[in-house]
Amino acid sequence: MDQQIREEILAKRSRIPVLGIYIFLAIAVIGFGTFVLKILGSDPAGAWQAFLINFLFWTGIAQAGIVFSCILRITNARWARPLLRVSEGLGSFIPISFILLLVVFAGRDYILPYATEHYHHPKDVWLNMQFVFGRNVIGFIILIIVSMFYLYYSLRQDLGGVGDRLTGLAGWISSGWTGEEERKDIWLKIGKFAPAVILLYAVVFSFFAWDFMMSLDPHWFSTLFGPYYFMASFVAAIGTTIILSIMLRRRLGLEEYLDDNKYHDMGKLLQGFSLFWVYLFFSQLLPIWYANMPEETVFVIKRVKDEPFRSLSWAVLTCCFIFPFVSLIPRTNKIIKPIVVFIASVSLTGFLLEKYVLVAPSYSNTIDIGIVQILITLGFLGAFIMTFLMFMREFPSIPVGDPFFGGKAEVHHTTGDPFYEEQD
């Protein structure tokens with residue numbers, strides 16, 4: 001590890017503005033204050049529905065950010081190592097997500113129809129409220145614990161050896177550092193936690209998809225709906241990583257680490273996984289259209305053939321697939337920062353609207369997007385950005401202790417265990 005680079009990256013943390021954190025905190029307070037005032041009023045249903053949509057969207061991005069980091073570690077991907085910490089920073093929202101999950105269950109009478117209605121057998125067994133609460137809460141707790149262990153070791157290998165100069169959470173994580181031998185142990189532990197995080201993510205977020213979106217309709221079901229949701233969150237996390245890393249790059253002066261090649265490759269990832277997302281969409285649509293079974297077609301027809309949701313569905317398809325796929329074909333659009341930020345923002349907006357299309361028609365035949373829904377969405381956005389900035393102000397923005405980190409604008413193309421490579 002280059003000590004000079006580590007000192008430089010640690011010094012850059014103070015450039016994250018405290019004022020920015022307070023501004024996003026104020027936005028979060030306004031948004032959640034609006035939500036509280038609305039649910040205490042005479043018509044709380046709209047606020048609860050907006051809350052559920054935003055919970056699914058922002059929680060998916062937060063956890064998928066950690067999953068993206070795990071994938072980079074498992075695949076020994078050196079090319080995107082400098083982006084690893086930004087994607088981990090998205091996961092700083094996860095503790096808040098757990099509280100929000102409990103709030104979702106507090107509003108079950110307004111947003112989970114099976115809490116008040118009797119569904120047919122055997123759906124009533126799967127959707128028993130105690131069973132729903134147990135599998136989602138316990139599953140999410142296990143996922144959070146494993147993810148936090150992964151983040152702990154990821155951060156400790158960057159902070160080890162400088163604990164005497166750190167305070168707060170960073171000081172606690174770096175305390176008791178025993179030396180370079182511990183770095184090898186951490187490398188092995190990260191290699192065990194990373195696949196566990198990915199597997200748990202697939203299971204727990206499939207539960208979220210089935211219980212909080214698919215089952216809002218008493219008859220429709222799709223076993224592919226779980227992967228469809230967690231892959232959509234993964235694509236949104238790639239877009240969020242692009243946007244936030246470019247903003248950090250400019251603010252902290254990280255041009256020597258986050259060069260054009262990184263964004264060229266991230267653009268290709270966003271393009272490729274957008275294609276995979278539409279493949280999953282078509283893989284569900286095709287058998288439903290072919291079988292033409294009433295219990296399946298009702299859900300689809302309401303969203304893709306009947307207004308007002310048909311136009312919104314086309315907007316979602318355009319934002320999530322058509323526009324990013326076509327606009328990211330030229331190389332220049334991937335490396336010119338304002339352009340790639342714009343493309344990623346359109347994609348991100350599309351995935352938020354996608355959650356609305358999947359959830360809202362189960363409650364109403366009209367599009368209900370007003371000032372309340374917008375303020376609640378801004379509240380989630382404010383809380384998400386606030387926790388991300390707090391994370392980046394506390395920890396190094398670049399994973400300087402990672403054995404595959406190549407330094408300033410360097411890309412190595414070897415693969416395998418770096419410790420064994422050193423011995424060779």
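In the predicted model, Asp265 counts as partly exposed, at 21% relative accessibility. This value lies just outside the buried class, because buried means under 20% relative accessible area. The side chain of Asp265 meets that of Lys268 in a salt bridge, with an N to O distance of 3.4 Å. Lys268 is likewise partly exposed, its relative accessible area being 42%. Both residues belong to helix H12 (residues 260-291), where a spacing of three residues places them about one turn of the helix apart. Beyond such pairs, salt bridges with shared partners link Arg73, Arg81, Arg85, Glu88, Asp158 and Asp402 into one network.

Side chains of opposite charge can pair when their charged atoms come close. In total, 14 salt bridges are counted in the model.

Lys12 and Glu8 form a salt bridge in which the closest N and O atoms are 3.9 Å apart.

The salt bridge between Arg135 and Asp211 joins two helices. Its closest N and O atoms are 2.8 Å apart. Arg135 is part of helix H8 (residues 129-159) and Asp211 is part of helix H10 (residues 180-212), so the pair ties together parts that are 76 residues apart in sequence. Arg135 counts as buried, with a relative accessibility of 8%. Asp211 also counts as buried, at 0% relative accessibility.

The surface also carries a nonpolar patch, made up of Ile367, Ile369, Ile371, Ile374, Leu378 and Leu381. Together these residues have about 500 Å² of accessible area. One of them, Leu378, lies in helix H17, which spans residues 371-394. The relative accessible area of Leu378 is 37%, so this residue is classed as partly exposed.

Notes
Residues numbered from 1 in each chain as written. Predicted model: local features only at pLDDT ≥ 70, side-chain atom pairs only at ≥ 80, totals over all residues. Heavy atoms only, no water. Patch = residues over 30% accessible without salt bridge, like charges linked within 9 Å, V, L, I, M, F, W, Y side chains within 5 Å. Areas by Shrake-Rupley, 256 points an atom, 1.4 Å probe, with all protein chains shown as cover. Salt bridge = Lys/Arg side-chain N within 4 Å of Asp/Glu carboxyl O. Helix = DSSP H or I, 4+ residues; strand = E, 2+ residues; numbered from the N terminus. Buried < 20%, exposed > 50% of the residue type's maximum accessible area, 1.4 Å probe, protein only.
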